Amino acid sequence: MSPATADPGTVAENEILKFNLKNLFQTFSSGGVGGDILIDIGTGPTIYQLLSACEVFREIIVSDYTDQNLREVEKWLKEEPGAYDWSPAVQYVCELEGDRSRWQEKEARLRRTVTRLLKCDVTEPHPLGPAQVLPADCVLTLLALECACHDVDTYRAAIRNLVSLLKPGGYLVTAVTLGFQGYIVGNKNFFGLHLEKETVEKALQDAGCQVLRCQHSPISYTETFCISKGMCFAVARKSPSA
């Protein structure tokens, strides 16, 4: 997961979180994207990106490159001591859906809907490795590829790899940090791939998808945390004949 979305503590980070939650709500609650299986690629230590999707998918599979991130998700799913408190984000999404009071019901629903936690590597032709997974109705990846891919060619290949996980007519939903120049956690610097909105759209098209929506926002992270030039949220559909 890109810049510590697990700790949306500043105004800028909260605005980015809300931007993504609103777009996810529009995509899954009223955008007609739903079905049997959703695969979340690069889940990170977070669950907020699944809060709208859990209402319209029978099964959610989460995946990440690191065991540490998967362990954080597992702690939340099992309600273990020390698990991150996502209730403010859950309440916000419930408010978008029209009933803030049902946030505990939503948490329980998400915990039921997540069925598997898998390792993933988007740079591999089979991103989920040896795991046996049926073709998905939707692949979701938020703020992950720009950290996992070290050049644009690798990013374009990663998009193709993710599209291969979809059934014909399935949806790829992604959010990307634009103009990324890396980020800082503690005193450590991490790589970030510089992408433009047009690069994202073309990568989706070249992977055999029709871009249905690609929304840009100028909001950026706090500069002490990372240098970026806005956000892009895209919904694309794999060719039904692919």
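Predicted model: local features only at pLDDT ≥ 70, side-chain atom pairs only at ≥ 80, totals over all residues.

The chain contains seven helices and nine strands. Its radius of gyration is 16 Å, close to the 18 Å that the globule rule gives for 242 residues, so the chain is as compact as a globular protein of that length.

**The chain as a whole**

- Along its principal axes, the C-alpha trace spans about 45 × 40 × 35 Å.
- Of the 242 residues, 52% count as buried.
- The chain exposes about 10,600 Å², and carbon and sulfur atoms supply 49% of that area.
- Among contacts between residues at least 6 apart in sequence, 73% join residues at least 24 apart.

**The nonpolar cores**

- The largest nonpolar core has 44 residues, and those with the most contacts inside it are F28, L38, Y48, I60 and L110.
- Two or more residues of this core come from each of these elements: the helices α1 (11-30), α2 (67-77) and α3 (87-97), and the strands β2 (57-64), β4 (136-142), β5 (166-177) and β9 (231-238).
- Helix α1 gives the most to this core, with six residues.
- Another core lies apart from it and has 34 residues, among them I41, A158, I159 and V211.
- Leaving out residues up to four places away in sequence, L110 touches I47, L50, L51, C54, I60 and W76.

**The annotated residues**

- In an unreviewed entry, UniProt lists Y48, D64, N69, D121 and V122 under "binding site".
- You can find Y48 in the loop between β1 (35-41) and β2.
- Is Y48 buried or exposed? Y48 counts as buried because its relative accessibility is 1%, and the cut-off for buried is under 20%.
- N69 has its place in helix α2.
- N69 is buried too, since its relative accessible area is 16%.
- Which residues does N69 touch, not counting those up to four places away in sequence? They are G44, P45 and D64.
- The side chains of N69 and D64 make a polar contact with each other (3.0 Å), and both residues are in the UniProt "binding site" list.

**Where the topics meet**

Notes
Residues numbered from 1 in each chain as written. Heavy atoms only, no water. Core = buried A, V, L, I, M, F, W, Y, C linked by side-chain atoms within 4.5 Å. Buried < 20%, exposed > 50% of the residue type's maximum accessible area, 1.4 Å probe, protein only. Helix = DSSP H or I, 4+ residues; strand = E, 2+ residues; numbered from the N terminus. Contact = heavy atoms within 4.5 Å. UniProt positions renumbered as here; feature names shortened; annotations may be inferred. Polar contact = N/O pair within 3.5 Å; in protein donor to acceptor, adjacent residues only side chain to side chain. Rg over C-alpha atoms; globule rule 2.2 N^0.38 Å. Areas by Shrake-Rupley, 256 points an atom, 1.4 Å probe, with all protein chains shown as cover.
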